[in-house]
Amino acid sequence: MSFITHFHPLPYIRYFDNVFFCILYSMYTQHSRADSVTWNPHKLLGTLLQCSTLHFKEDGLLISCNQMSADYLFQKDKHYDVCYDTGDKVIQCGRHNDIFKFWLQWRSKGMEGFETQINTLMDLTAYQVQQMKERKERFYLLLDEPECTNVIFWYVPERLRPIHCPQAYTRDWMLELGKVTATLKGRMMSSGTIMISYQPFGEFPNFFRSIISNQAVTKKDVDFMLDELERLGNDL
């Protein structure tokens with residue numbers, strides 16, 4: 001689930017209805033059980049929208065599916081090896097915007113730059129979780145230790161904190177927090193100071209899902225977000 005984010009050990013991912021789904025955030029094209037790998041650099045790597053890459057184990061699949069052999073675009077009598085005309089393989093034809101902007105970004109940052117970027121985002125997420133745990137009466141984490149940069153939580157206003165609420169941690173308490181979440185999001189939008197998405201999942205009513213993916217975010221921004229949640233939601 002993209003709004004929770006889990007990393008699964010590759011050797012233990014199994015076939016489901018004869019279709020193999022392998023969602024990765026690193027290149028793993030050599031894995032013997034994966035027929036294809038999709039990678040979305042427009043997520044944590046911050047490549048401009050939209051940028052996705054698709055890799056197949058079997059050669060020729062893309063061109064067999066998409067080839068139109070338009071002779072006004074892909075002439076066979078060019079002065080160079082026409083195998084470099086890869087436009088017929090993809091639905092974008094000759095407009096390979098995704099790979100070009102990703103290549104430019106990789107040339108600019110390099111592997112070390114990307115590593116530093118991701119490590120910084122993970123460190124900021126850990127800092128956010130730590131700060132929420134220090135304010136444990138005010139924030140309820142649905143996952144104590146997020147595996148990526150997605151932090152899912154409820155903000156707990158004063159009247160629903162365990163010290164004031166005998167129904168704390170019951171189903172009714174969770175449902176009430178779900179209502180608080182939607183109302184608090186409305187206050188965010190009216191104030192114009194922060195924006196955090198929310199949604200329900202399974203038995204859990206509405207909860208917030210914050211994702212740190214902006215390279216410019218600092219610890220001060222995280223502190224401001226938590227303080228602003230308290231300012232806007234304490235009296236709900």
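1. Phenylalanine 139 stands opposite tyrosine 155 in E4. Strand E3 (residues 139-141) and E4 run antiparallel and are joined by 3 bridges; strands pair if DSSP finds at least two bridges between them. Helices (H or I, at least four residues) and strands (E, at least two) are DSSP runs, numbered from the N terminus. The model is predicted: local features need pLDDT of at least 70, side-chain atom pairs count only at pLDDT 80 or more, and totals for chains, interfaces and linings use all residues. Residues are numbered from 1 along each chain as its sequence is written, and side-chain values use heavy atoms, with hydrogens and water left out.

2. E4 also pairs with strand E6 (residues 204-211), in the antiparallel sense over 4 bridges. Here valine 151 stands opposite serine 210 in E6.

3. In a regular strand the side chains alternate between the two faces of the sheet. Both faces of E4 are covered: Asn150, Ile152 and Trp154 on one side, and Val151, Phe153 and Tyr155 on the other, are all buried (under 20% relative accessible area, 1.4 Å probe, protein chains only).

4. Trp154 belongs to an aromatic cluster with Tyr140, Tyr169, Trp173 and Phe204. The structure holds 14 aromatic pairs, counted where ring centres of Phe, Tyr and Trp (its six-membered ring) lie within 6.5 Å.

5. Tyrosine 169 lies in the loop between strand E4 (150-155) and helix H3 (171-191), and its phi is positive, near 75°. Most residues other than glycine have a negative phi, and most peptide bonds are trans. A cis peptide bond joins leucine 49 and glutamine 50, with omega about -15°.

Key:
Rings of Phe, Tyr and Trp (its six-membered ring) pair if their centres lie within 6.5 Å; planes under 30 degrees apart count as stacked, over 60 as edge-to-face and the rest as tilted. Buried means under 20% relative accessible area, exposed over 50%, partly exposed in between (1.4 Å probe, protein chains only).
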